[in-house]
Amino acid sequence: VKRQLQRIDSNGRHLLTIINEILDITRIEAGKMPMQLTEFNLNELIPEVMAELDPVIARSKLTVTPQLSDELPLVYSDRQKVKQIVVNLLSNALKFTHEGGVDIATAVDLERRQAAIAVSDSGIGIAEEHHEKIFEDFRQVDDSPSRQYGGTGLGLAICRRLANALGGRITLVSTLGQGSTFTLTIPLETE
């Protein structure tokens, strides 16, 4: 009975995640995603994201290394949405990395008035022909029924939409079998 209840609880949480992801997409598409713009420090966000994913990090036995920029100014953006993107990028990195580690780095380009958070892993990597595909709704590199990795295939689609809503973007550098780097770049001041 206990195992059945755990399965019901797990499936219920999974359904809730799917519903929330679809609602997020619908709100963004309709232009109804409210923005809460505040000033905050990107460097302070990284330990929070790591703390939120601590159980996943512990299970993965991977080393997650923050590499924080010293000269990072405060950014004016939606803190919760930036955090949501970084949580998603880090959880993906942990899911698709079996050995080695993950780095989370912050950086600033004062000339362009932009800040960036890059999540780099030593995981399975993504072949170049799939670089755009993985940002599509409900898409994963392996769409077969027997696929090895779970998930809805909506996480990166939502991340890209949120980044665009913040006036930023997400870029990917990856080679199959050699890991991936996803970089979120946002303006220092979101309009």
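Predicted model: local features only at pLDDT ≥ 70, side-chain atom pairs only at ≥ 80, totals over all residues.
Colleague: Which side chain does the side chain of Asn43 join in a polar contact?

Modeller: Leaving aside residues up to four places away in sequence, Asn43 touches Leu68, Ser69, Leu72 and Thr106. A polar contact of 2.7 Å links the side chain of Asn43 to that of one of these residues, and the partner is Thr106.

Colleague: Which residue has a side-chain polar atom 2.7 Å from the backbone nitrogen of Asn43?

Modeller: The residue in question sits in the loop that runs between β1 (37-40) and α2. A polar atom of its side chain lies 2.7 Å from the backbone nitrogen of Asn43, and so close a pair is within the 3.5 Å limit for a polar contact. The residue is Asn41.

Colleague: How are α2 and α4 oriented to each other, and what is the handedness of their crossing?

Modeller: The axes of α2 and helix α4 (residues 79-95) come within 10 Å and cross at roughly 50 degrees. That angle makes α2 oblique to α4. The handedness of the crossing of α2 and α4 is right-handed.

Colleague: How many charged residues take part in the contact of α2 with α4?

Modeller: On the α2 side the contact is formed by Leu42, Glu44, Leu45, Glu48, Val49, Met50 and Glu52, and these meet Arg79, Val82, Lys83, Val86, Val87 and Leu90 of α4. The residues of this contact divide into eight nonpolar and no polar, while the number of charged ones is five.

Colleague: Are α4 and α5 roughly parallel or roughly antiparallel?

Modeller: Helix α5 comprises residues 155-165, and its axis lies 10 Å from that of α4, with a packing angle of about 150 degrees. Because angles over 145 degrees count as roughly antiparallel, α4 and α5 are roughly antiparallel.

Colleague: How many polar residues are in the contact of α4 with α5?

Modeller: From α4 the contact draws on Lys81, Gln84, Ile85, Asn88, Leu89 and Asn92, and from α5 on Gly155, Leu156, Ile158, Cys159, Leu162 and Ala163. Seven of the residues in this contact are nonpolar and one is charged, and the number of polar ones is four.

Conventions. Residues numbered from 1 in each chain as written. Heavy atoms only, no water. Polar contact = N/O pair within 3.5 Å; in protein donor to acceptor, adjacent residues only side chain to side chain. Contact = heavy atoms within 4.5 Å. Axes fitted to C-alpha atoms, helices over the stretch in contact; angles between N-to-C directions. Helix = DSSP H or I, 4+ residues; strand = E, 2+ residues; numbered from the N terminus. Parallel < 35°, antiparallel > 145°, perpendicular 65-115°, else oblique. Left-handed = near helix turned anticlockwise from the far one by under 90°. Nonpolar A, V, L, I, M, F, W, Y, C, P; charged D, E, K, R; others polar.
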